[in-house]
Amino acid sequence: MGKVILTGDRPTGKLHIGHYVGSLRRRVQLQNEGDYDRMFVFMADVQALTDNADNPEKIRQNIIEVALDYLAAGLDPEKCTLFIQSQIPELCELTTYLMNLVSVSRLQRNPTVKSEIKMRGFCQQDEEAAEAAGQRKGIPVGFFCYPVSQAADITLFKANIVPAGEDQRPMIEQTRELVHSFNNTYGEVLVEPEIMLPDNQACLRLPGTDGNAKMSKSLGNCVYLSDSAEDVWQKVRGMYTDPTHLRVDDPGHLEGNCVFTYLDAFCCNDDFAEFWPEYACLDELKEHYTKGGLGDMKCKKFLNQVLNKELEPMRVRRHEFEKDIPEIYNILKKGTEQAREVAAQTMDEVRHAMRIDYFNDAELIASQAARFKAE
Ligand code: TRP
C-alpha cells in the first residue's frame with residue numbers, strides 16, 4: 001500500500017505559530033523528505049462554513065491568506081497537491097453515504113464536537129424554547145455532521161497519514177470507525193488513516209502569548225506567520241512569564257511560562273551557539289532561570305531571535321508570492337483538478353462497492369431484462 005499524506009485547515013483566519021508547530025512545520029519536513037506517494041493539503045472551506053454559514057465572505061477572504069501562509073512556510077505545489085475543499089463535489093457525495101454508517105449518539109460523543117458546541121454557545125437542552133425566544137442558536141446539522149465530512153476528506157484520497165494536532169485525534173478515530181463500517185458493509189475500498197502528532201509536548205498545543213491555553217484570534221494572543229519582525233518583538237516583549245519572578249535574583253518558574261514553552265517548541269542547540277553561546281542548550285538556560293539571577297527580558301530577546309530566524313525566510317517568500325496573486329489562484333485551481341482525478345477514481349470504486357453504479361452494471365441490466373421477459 002502506498003503512503004498518502006493528507007491534511008487541511010479551516011480558512012477562518014491567517015495561520016499562527018501554533019498552527020505552524022502543531023502541523024505545518026511537519027508537513028513541510030515530510031514534503032521535503034519526499035518519502036510518500038502523494039501528499040495533499042487543502043483548505044477546509046466547507047467545514048469552515050458549518051459554523052459560519054452567515055459569513056461566507058470571511059471564508060472567501062481567508063482562502064488567499066491561508067494559501068500564502070502555506071506557500072510561505074515552504075509547501076511546494078510541485079511536490080504537494082494544494083486544493084480547495086468546496087471545489088470537490090465528490091466529497092459531498094461520499095459524506096452522504098458515510099452518514100448512514102454512524103449514529104447520532106456516536107457523533108454526540110465526539111469530544112471535539114462536544115467542546116466546540118460549548119465554545120460556540122450553541123444550545124443543546126431546551127433547544128426549541130431557546131431558539132424560539134431568539135436567545136441562542138441551536139446546533140446546525142452541518143456542524144454536527146462535520147466529523148463525517150472530515151472522514152470523507154481523508155478517505156476520498158485514501159490517505160493513511162494525517163499530520164494534525166491533538167484536538168484532531170477524535171476525528172481520526174471517527175474516520176477509522178467509518179472505514180471499518182464501510183469496508184465491512186460494502187467491501188474493502190477505503191483506507192484506515194493514522195494521525196501523526198507533533199513530537200514534542202509544547203507543540204501539541206502552543207499557548208497564547210498571554211498564557212491562555214489556547215492561541216486564538218478572538219483572544220488576541222496570537223503570533224501570526226505573517227507578522228512583521230517589529231510586531232513579533234512587541235508580542236514577545238509583552239509575553240506572560242512568571243508573575244512571582246519580580247527581581248532578577250528571584251528564582252523563576254517554568255510551569256505555565258510562555259517564553260519557555262515557546263522555546264521548547266522552537267529552539268535547538270544551534271540557536272544557542274548562534275545567539276547565546278553562554279549556554280549550550282535549553283536545559284542549561286532553564287537551570288539558571290529556576291535558580292535565579294536571570295532576567296525575563298534576556299530570555300525574551302533570545303526567543304525573539306529564535307522566532308525570527310524561522311519567520312524571516314517565510315516573510316521573504318510571502319512577499320514574493322504576494323506579487324502575483326492571480327498565479328496563486330491558478331496553483332489552487334490546478335491542485336483542485338489533480339485532486340478531483342483521485343476523487344473520481346475513489347468514487348467509482350465506492351459506487352461499485354455499494355452497487356449503485358447502475359449504468360456500468362451490464363449484469364444488472366441483463367438480469368432485469370431477463371426478469372421482465374419471463375413475466
Ligand atoms: N478539522 C481541521 C481543523 O479544524 C480541518 C480539517 C478538515 C482536516 N478536514 C481535515 C484536517 C482532514 C485533517 C484532515 O483544522
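Biologist: In this predicted model, how far is a nitrogen atom of the ligand from an N or O atom in the side chain of Q47?

Modeller: Q47 is one of the residues around the ligand. A pair of N or O atoms within 3.5 Å counts as a polar contact. The distance from a nitrogen atom of the ligand to an N or O atom in the Q47 side chain is 2.7 Å.

Biologist: How far does a polar side-chain atom of Q168 lie from a nitrogen atom of the ligand?

Modeller: The residues around the ligand include Q150 and Q168. For Q150, a polar side-chain atom lies 3.0 Å from a ligand nitrogen atom. For Q168, the distance from a polar side-chain atom to a nitrogen atom of the ligand is 3.0 Å.

Biologist: How many residues of the contact of helix 4 with helix 9 are nonpolar?

Modeller: The contact includes L91, L94 and L98 of helix 4 and V148, A151 and A152 of helix 9. Its residues comprise 3 polar, 2 charged and, as nonpolar, 8.

Biologist: How many residues of the contact of helix 3 with helix 16 are charged?

Modeller: The axes of helix 3 (residues 56-73) and helix 16 (residues 296-322) come within 8 Å. Among the contact residues are E65 and D69 of helix 3, and R317, R318 and E322 of helix 16. The contact has 6 nonpolar residues and no polar ones, and the number of charged residues is 5.

Terms used. Residues are numbered from 1 along each chain as its sequence is written. This is a predicted model: local features need pLDDT of at least 70, side-chain atom pairs count only at pLDDT 80 or more; totals for chains, interfaces and linings use all residues. Side-chain values use heavy atoms; hydrogens and water are left out. Contact means heavy atoms within 4.5 Å. Helices (H or I, at least four residues) and strands (E, at least two) are DSSP runs, numbered from the N terminus. Ala, Val, Leu, Ile, Met, Phe, Trp, Tyr, Cys and Pro count as nonpolar, Asp, Glu, Lys and Arg as charged, and the others, Gly among them, as polar. A residue is near a molecule or strand if one of its heavy atoms lies within 4 Å of it. A polar contact is a pair of N or O atoms within 3.5 Å; within protein, one must be able to donate a hydrogen and the other to accept it, and residues adjacent in sequence count only if both atoms are side-chain atoms. Axes are lines fitted to C-alpha atoms, for helices over the stretch in contact, and angles run from 0 to 180 degrees between N-to-C directions.
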